[in-house]
Amino acid sequence: MTKTVTMYGYPKCSTCVKAKKALEQHGVEVDYKHIVEETPSATTIHELHQKSGEPLKKFFNTSGQSYRSQGIKDKLPELSEDEQYKLLASDGMLLKRPIVTDGRDVTIGFKEEMYRGKWY
């Protein structure tokens with residue numbers, strides 16, 4: 001049976017391209033979502049966060065232009081989790097990528113060894 005995952009990525013992101021290629025090379029079917037055109041909702045981000053087991057801070061693309069230009073590093077400590085979910089949902093470029101999920105598990109970013117253990 002073919003494993004299918006949903007990947008939130010950005011076409012010009014080299015890490016996303018590598019991650020998608022690695023998944024496909026290992027026979028994983030990828031339902032690709034353009035993170036800017038199909039930005040996940042605050043509810044979806046909340047669910048991804050819960051399933052990931054990662055700190056919410058890890059969902060922020062801290063090296064991205066949106067993050068830096070909006071001064072989010074300084075705002076984050078004052079925001080509630082709900083406000084952070086809404087902020088992430090307001091701009092797909094704020095999300096660290098790729099985000100991959102099969103509905104149960106979630107990974108953020110791409111490291112070959114992490115994918116090997118989780119997705120193939």
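Q: At about what angle to E1 does helix H1 run, and across which strands does helix H1 lie?
A: This is a predicted model, in which local features need pLDDT of at least 70, side-chain atom pairs count only at pLDDT 80 or more, and totals for chains, interfaces and linings use all residues. Residues are numbered from 1 along each chain as its sequence is written, and side-chain values use heavy atoms, with hydrogens and water left out. Helices (H or I, at least four residues) and strands (E, at least two) are DSSP runs numbered from the N terminus, and axes are lines fitted to C-alpha atoms, for helices over the stretch in contact, with angles from 0 to 180 degrees between N-to-C directions. Helix H1, residues 14–25, lies across E1, E2 and E3, and its angle to E1 is about 170°.

Q: Which strands stand at the edges of the sheet, and why is one side of each left without a neighbour?
A: The open sheet is formed by four strands in the order E2-E1-E3-E4, with mixed pairing, where two strands pair if DSSP finds at least two bridges between them. One side of each edge strand is left without a neighbour in the sheet because each has a single partner strand, and these edge strands are E2 (29–34) and E4 (106–108).

Q: Which residue in E3 is the bridge partner of Tyr 8?
A: Strand E1 (residues 4–9) and strand E3 (residues 99–101) run antiparallel and are joined by three bridges. In E3, the partner of Tyr 8 is Ile 99.

Q: Which residues of H2 are buried, and what arc do they cover around the axis?
A: Buried means under 20% relative accessible area, exposed over 50%, and partly exposed in between (1.4 Å probe, protein chains only); in H2 the buried residues are Ile 45, Leu 48, His 49 and Ser 52. They lie on the same side of H2, because the arc, taken from the directions from the helix axis to the C-beta atoms, is only 100°.

Q: Within what distance do the axes of H2 and H5 come, and at roughly what angle do they cross?
A: Two packed helices are described by the angle between their axes and the distance between the axes. Contact means heavy atoms within 4.5 Å, and the residues that meet include Ile 45 and His 49 in H2 and Tyr 85 and Leu 88 in H5. The axes of H2 and H5 come within 8 Å and cross at roughly 115°.

Q: Which residues does Ala 22 touch, not counting residues up to four places away in sequence?
A: Ala 22 is found in helix H1 and counts as buried, at 5% relative accessibility. With those sequence neighbours left out, Ala 22 touches Phe 110, Glu 112 and Tyr 120.
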